[in-house]
Amino acid sequence: MPNKLEEKYADRIAHHLSKYPDKRSAVMPLLYIAQEEYGWVSPEGIRDVAEIIDMDPTQVKSIAGFYTMYSEKPKGKYWLQVCTDLACALRGADEFHAWLKDHLNVEEGGTTEDGIFTVEHVMCLAACDKAPMMQCNFHFVENLDKVKMQELLDKWREETAATES
Amino acid sequence: MNIIYREKDVPNIREFDVYAKNQGYAGFKKALSMDPKDVINEVKASNLRGRGGAGFPTGVKWSFIPQSEPVKYVVVNADESETATFKDRQIMENNPHQMIEGALICAWAIQATAVYIYLRGEFWDIAHELDKEIEKAREAGWIGKDIQGSGWDCEVYTHLGAGAYICGEESALLNSLEGLLGQPRVRPPFPAQKGGGLYKEPTVVNNVETLANVPYIMREGADEYKKIGTEKSTGTKIFCLSGHVNKPGNYELEMGKVTFRDLIFEHGGGIPGGKQVKAILPSGGSGPIVPATDEVLDTPLTYEDLQTVGTILGSASVMVLDETVDITWAASKMTKFFKHESCGKCTPCREGTYWLDKVLDRILAGEGKPSDVDLINDVAGNMQGTTLCALGDFAANPILATIQHFPDDFKTHVEGDAALAAGD
């Protein structure tokens, strides 16, 4: 019997499996799908992926744990990853990252009480000429400053409130 | 001179139709009319060198592939994770078909059955756009079965990584693509050999920028290409300029025709606030730092010239540090990067980056001792040449160079009042 991921994402999973001569290669794209479904690479997600590609769940979990873009715990609706590597830091990224955490009242890697934002720092994202910058749920947001960031936070809060009401 | 960033001369060249109308896929078409061996010889004759950092001759790399093997692969390294490197991203965003065409020419030259483009996971949006462009090239008959009536089949796929610098190292990249942990392999066998490549088949792994040079070489010929640049550094190079400059960004420049001074002051618009340049990191976090002396600033930017001043061209990710930067802090930043990105397989790198970070944190907190500088030299020295891949060396080299060139920046921390108070 197909599991939840197989049922819901049949076409996308079939597409990824068709790309490789060995289905084990699909572990990474399938983990992204699991993360999309469960919000993080949850035990259910790991189990589903392992079943589809005939891997041991422990092996799938080790792959998920190796990479930073698979989250091993639930995150806020907006996962804000600020680059604070050297090139960005030369253009004020450390101060920006510290301000953002302070402004949202979260610790490093923490999530706001309303569950909307998670903030953490990451290594170089290949956008050094547009620092400070971050990725929000894997989409780049560049040339940031406090004013622009505040506008984004307001917008995302409003969007969240609109979907909830 | 824009061989790669052709969007500057041809607006919207990112779109298949525009690319096709502007000599797009003409190099591939020419290659398809040639014997694959002659294609390899043409690329060899161009003296094109790998743009990912190592500078290995591209045609020579292709010639290592055993033609007798039935299954072979081309893997495009679009992992672009070196600190301060953002050039391949612009190619894929603005001129993606040139990379795809270059990869297909390589695939024809080695008679590969498939091309995998491995993008770092953070290039999520880019990969999804790239998939659409690949489909357009497929519809036009440049990808798939019996390409342009040649009787040869070749597929092109994208594969997203998920946030690991190490996967830019070619053997770790291959492991990651196979669904294994992204850790380096023991070599030999090398990727070009049977047993060493993707799914153990002979594989060429080339950087995005490298492959984007190939359509021009095929279209115009190696002799024409060699007129650009110097004898040992042919062609253009994209310089990623970042840090303390007024106009950070990517600059595609003819090799040997510009110096650091030209790059920073002419193209980059100089230093904010009119400050002095203190140091340059010419190849992201991996190349040795150099003090911005007149000799360094006036060095022509080529593979061979940068060696004479004790550093490398590498990926040409040029970070500019002005006079206000504490080099000890910069060393700590680089070390934190490598500590985080060490894959953990080799002990000297895993443990070495951990201890370097710990000692540098201590020094920056004012709790360091003069002997800590010797300790850093010792730990970093023991990482050099003792790991399976170059990451161990990459982590060690910049730290050693910072101490060599900027000893006073370290002394200030370990011989100040704070250090004395710490009891040394």
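B:Lys200 has 14 C-beta neighbours inside 10 Å and therefore counts as partly exposed, since the buried class begins at 20 or more and the exposed class ends at 12 or fewer. The model is a predicted one. The phi angle of B:Lys200 is near 70°, which is positive although the residue is not glycine. This lysine sits in the loop between H8 and E4 of chain B. The loop between helix H8 (170-177) and strand E4 (203-207) of chain B also holds B:Pro189. The peptide bond that joins B:Pro188 and B:Pro189 is cis, with omega about 0°.

A:Asn137, a residue other than glycine, has a positive phi near 45° and lies in the loop between E3 and E4 of chain A. With 13 other C-beta atoms within 10 Å, A:Asn137 is partly exposed. A cis peptide bond, with omega about -10°, links A:Ala131 to A:Pro132. A:Pro132 is placed in the loop between E2 and strand E3 (134-136) of chain A.

Chain A as a whole is divided into domain 1 (4-66) and domain 2 (78-164). The centres of the two domains of chain A, taken over C-alpha atoms, are separated by 28 Å. Turning to the helices of chain A, the buried residues of H5(A) are A:Val60, A:Lys61, A:Ile63, A:Ala64 and A:Phe66. They pack against H3 and helix H4 (43-52) of chain A. An α-helix has 3.6 residues a turn, so residues three or four places apart point the same way.

Next comes the contact between the chains. It takes 30 residues from chain A and 38 residues from chain B. On the side of chain A that touches chain B, the elements giving two or more residues are helix H3 (27-38), helix H5 (57-66) and helix H6 (86-89) of chain A. The residues on that side comprise 20 nonpolar, five polar and five charged.

Chain B contains 19 helices and nine strands. Its C-alpha trace spans about 80 × 45 × 35 Å along the principal axes. The radius of gyration of chain B is 22 Å, which agrees with the value near 22 Å for a compact globule of 424 residues. Of those 424 residues, 56% count as buried. Among contacts in chain B with a separation of 6 or more, 70% are between residues 24 or more positions apart.

Within chain B, strand E9 (residues 317-322) is mostly covered, with five of its six residues buried. E9(B) pairs with strand E5 (residues 236-243) of chain B in the parallel sense over four bridges, and B:Ser242 stands opposite B:Met319 in E9(B). Strand E7 (residues 277-281) of chain B is also joined to E9(B) by four bridges, but this pair runs antiparallel. There, B:Ala279 has B:Leu321 in E9(B) as its bridge partner.

Key: Residues are numbered from 1 along each chain as its sequence is written. Chains are lettered from A and ligands numbered from 1 in the order in which they are written. This is a predicted model: local features need pLDDT of at least 70, side-chain atom pairs count only at pLDDT 80 or more; totals for chains, interfaces and linings use all residues. Two strands pair if DSSP finds at least two bridges between them. Domain bounds come from an automatic or database domain assignment. Two residues are in contact if their C-beta atoms, placed from the backbone, lie within 7 Å. Ala, Val, Leu, Ile, Met, Phe, Trp, Tyr, Cys and Pro count as nonpolar, Asp, Glu, Lys and Arg as charged, and the others, Gly among them, as polar. The radius of gyration is taken over C-alpha atoms; the globule rule is 2.2 Å times the number of residues to the power 0.38.
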